[in-house]
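Work through the following exercises with the sequence and the model open beside you. Each task is followed by a solution that goes step by step.

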Amino acid sequence: MKRFRFSLRSVAVLRAHRETRAREQFAASVHAYVRAEEELAMVRRRIKEFGDAIFASRRELFDASEHALCLAGYRRECASEIPAERAVIDAKDAMAKRRADYLEAHRELEAVRKLEEKNLLAYRAACNREEQVEFDEMAGHRAGRKAAFGT
């Protein structure tokens with residue numbers, strides 16, 4: 001019997017490449033999301049440190065010029081929190097989109113793999129049937145020879 005050949009092999013290869021590319025893009029978007037989360041945590045930590053410094057400076061001798069500088073820095077940090085939060089939201093949305101793209105590419109690849117597996121099982125069944133026919137023919141020939149020679 002001739003060798004098994006899956007007719008959709010080229011489609012499977014293309015879908016495998018697409019799935020690999022989608023997986024890599026998803027991984028990159030996860031890294032971007034993690035970086036955005038870390039940046040937001042850093043901004044929030046700096047805001048807390050500024051707040052603690054301002055609160056601690058109120059216990060000591062009050063210096064208006066130093067307090068004004070601290071408040072200006074505190075406001076800058078508070079203003080930088082909003083873009084950091086937006087970056088986290090955007091990164092999360094991009095990650096969700098890349099995840100959906102990866103899952104779709106994976107589903108498409110699995111569909112082709114299942115078709116290949118189904119075709120391979122049918123091929124093997126046909127091979128087994130053909131082999132069984134050959135065995136039956138050989139057994140028939142032997143039985144015929146035994147009957148002809150009377151043994």
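**Exercise 1.** Leaving aside its neighbours within four places in sequence, which residues is E77 in contact with?

Solution. Before starting, note that this is a predicted model, in which local features need pLDDT of at least 70 and side-chain atom pairs count only at pLDDT 80 or more, while totals for chains, interfaces and linings use all residues. Residues are numbered from 1 along each chain as its sequence is written, and side-chain values use heavy atoms, with hydrogens and water left out.

Next, apply the contact criterion, heavy atoms within 4.5 Å, which gives V43, R46, I47 and F50 as the partners of E77.

**Exercise 2.** Identify the residues of the largest nonpolar core and the elements that supply them.

Solution. A nonpolar core is a set of buried Ala, Val, Leu, Ile, Met, Phe, Trp, Tyr and Cys residues joined through side-chain atoms within 4.5 Å. The largest one has nine residues, namely Y33, A36, L40, V43, I47, A84, V88, A91 and M95. The elements that give two or more residues to this core are α1 and α2, and α1 provides the largest share, five residues. To follow one member, take Y33, which, leaving aside neighbours within four places in sequence, is in contact with V88, A91, K92 and M95.

**Exercise 3.** Is K2 buried or exposed, and is R124 buried or partly exposed?

Solution. K2 lies in the segment before α1 (9-59), and K2 is exposed because its relative accessible area is 71%. R124 lies in helix α2 (residues 64-149) and is partly exposed, since its relative accessible area is 47%. Now compare sequence with space: K2 and Y123 are 121 residues apart in sequence, yet their C-alpha atoms are 9.9 Å apart. Likewise, R124 and F4 are 120 residues apart along the chain, with 8.8 Å between their C-alpha atoms.

**Exercise 4.** Describe the overall form of the protein.

Solution. Begin with the secondary structure, which comes to two helices and zero strands. Then take the radius of gyration, calculated over C-alpha atoms, with a globule rule of 2.2 Å times the number of residues to the power 0.38; the protein has 35 Å, whereas a compact globule of 151 residues would have a value near 15 Å. The C-alpha atoms fill a box of roughly 125 × 30 × 15 Å along the principal axes. Lastly, 17% of the 151 residues count as buried.

Definitions and conventions:
Helices (H or I, at least four residues) and strands (E, at least two) are DSSP runs, numbered from the N terminus. Buried means under 20% relative accessible area, exposed over 50%, partly exposed in between (1.4 Å probe, protein chains only).
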